[in-house]
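User: I want to learn to read helix packing and aromatic contacts. Please walk me through them.

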Amino acid sequence: MAGGVLAAVAVVVLACWAGGALVGRLGQPAVVGEIGVGILLGPSFLGWVWPAGQEWLLPDEVTAQLGVLGTLGLVVFMFLVGLELELGLLRGLGRTVVLVSQGSVWVPLGLGGLLALGMYGSFAPEGVGRAEFVLFVAVAMSVTAFPVLARILTEQGLYGTPVGSLAMACAAVVDVVAWCLLAVVVAVAGGGGVGAGLGRAALAGVFLAGMWWGVRPLLARGAAAGWGVRRGTGRPGSGVAALLFGGICLAAYGTDALGVHALFGAFVLGAVMPRGVKAVERAAGRMREFVVPVLLPLFFVGSGLRTDVGLLGGGGGGAWWWAAGVLAVAVVAKWGGATAAALVAGQGARDAVLLGALLNCRGVTELVVLNVGLGLGVIGAELFTMLVLMALVTTAATGPVVRVLRPDGVDGGGCAGRRAVGR
């Protein structure tokens, strides 16, 4: 067992690194290659061309162990996503941020919900209620990948520009709204009917309020008092990473115990952590350097094993038409909703279209949401595959579109200093 896990980890990590490096040469964020490698290692390719090889490399008992490691990496990753949120960007951009962010959330929610109503009879798993199925698909349509957006802005030389700052601020709001809506979906899908679901959602609200108004001030006071700094040296102590990791696990356990989802707690803890604290930044950097290239790829291969493109070939190819519909609705609703809202807010036509293109990027955030839905049984393998392909296409398209639309005179060679999670 141990040997099998070690071999699988080595193959997955190296393959995802190679995939990320390859697409990086094509001007794509690493996550595009990593998602692609995950799909190739699953039944869509390796299990199709060499079933015995896939069974040897990724038998059920090994994939179960990889799933545990991938989940641990995902919990830390969601903390890092929360930590990347720069809520200070919202100052001075109030009306525009509100209009654009809400346009890029509620339009996809509405159109995605209408699409889900049409898909319910064909793609909802047995026993899943119409409400949770429709709400989940709607939420999946509304997601924006805040981390990969930061990486794209950096690589395109747009980070820190007016349109880049506006995109980051809107993505921050979209992330928070999407995760709160997902918490409601998880609560409703947890059983006990709508009343029990709303009760869990209320508990999630209490948790969020307690973290914001209770834990956040305590952390700020600790940071102001020099928490985590080794006495007499002015340097962060080595125990901060252990304390931070323990806090992430406890926050994740807290929301999991509430019946919401462990990832929500990790995300919220990252969002309430004080900014500009060297001890936190150093500890988070250590986690990032290990989790993103080593543990997160194990999550990608888990998603790839659940993605089976062959499922879409049955029934005369009708599923492919639904997949095309999912992609079309996702792009039109997200890009169109954000663009229209930006025009209403007074942005120029080019900046408005650019904002819509940026907010249409989904990245690994979409995969996280989809795996939550599949794990809950709210969606099945067919729809999961369609939505994974949609996430891959919209993420891959963002970079080339931004290169065409970015303002003249902006250096596309990237800028230094940004430590984005990049997924």
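User: At what angle do α11 and α13 pack?

Analyst: Axes are lines fitted to C-alpha atoms over the stretch in contact, with angles from 0 to 180 degrees between N-to-C directions. Helices are DSSP runs (H or I, at least four residues), numbered from the N terminus. Here α11 (residues 240-257) and α13 (residues 278-306) pack at about 75°, axes 9 Å apart. That makes α11 roughly perpendicular to α13 (65 to 115 degrees).

This is a predicted model: local features need pLDDT of at least 70, side-chain atom pairs count only at pLDDT 80 or more, and totals for chains, interfaces and linings use all residues. Residues are numbered from 1 along each chain as its sequence is written, and side-chain values use heavy atoms, leaving out hydrogens and water.

User: Which residues of α11 and α13 make the contact?

Analyst: Contact means heavy atoms within 4.5 Å. From α11 come V240, A241, L244, F245 and I248; from α13, A279, V280, A283, A284 and M287.

User: How are aromatic pairs described?

Analyst: By the distance of the centres and the angle of the planes. Ring centres must lie within 6.5 Å; planes over 60 degrees apart count as edge-to-face. The count here is 4 aromatic pairs. Among them, Y120 and F133 are edge-to-face, 5.6 Å centre to centre, 65° between the planes. Y120 is in helix α6 and F133 in helix α7.

User: Are Y120 and F133 buried or exposed?

Analyst: Both are buried (under 20% relative accessible area).

User: What about F123 and W322?

Analyst: Also an edge-to-face pair: 5.9 Å, 80°. F123 lies in α6 and W322 in α14, so the pair ties together parts 199 residues apart in sequence.

Terms used
Helices (H or I, at least four residues) and strands (E, at least two) are DSSP runs, numbered from the N terminus. Angles under 35 degrees count as roughly parallel, over 145 as roughly antiparallel, 65 to 115 as roughly perpendicular and the rest as oblique. Rings of Phe, Tyr and Trp (its six-membered ring) pair if their centres lie within 6.5 Å; planes under 30 degrees apart count as stacked, over 60 as edge-to-face and the rest as tilted. Buried means under 20% relative accessible area, exposed over 50%, partly exposed in between (1.4 Å probe, protein chains only).
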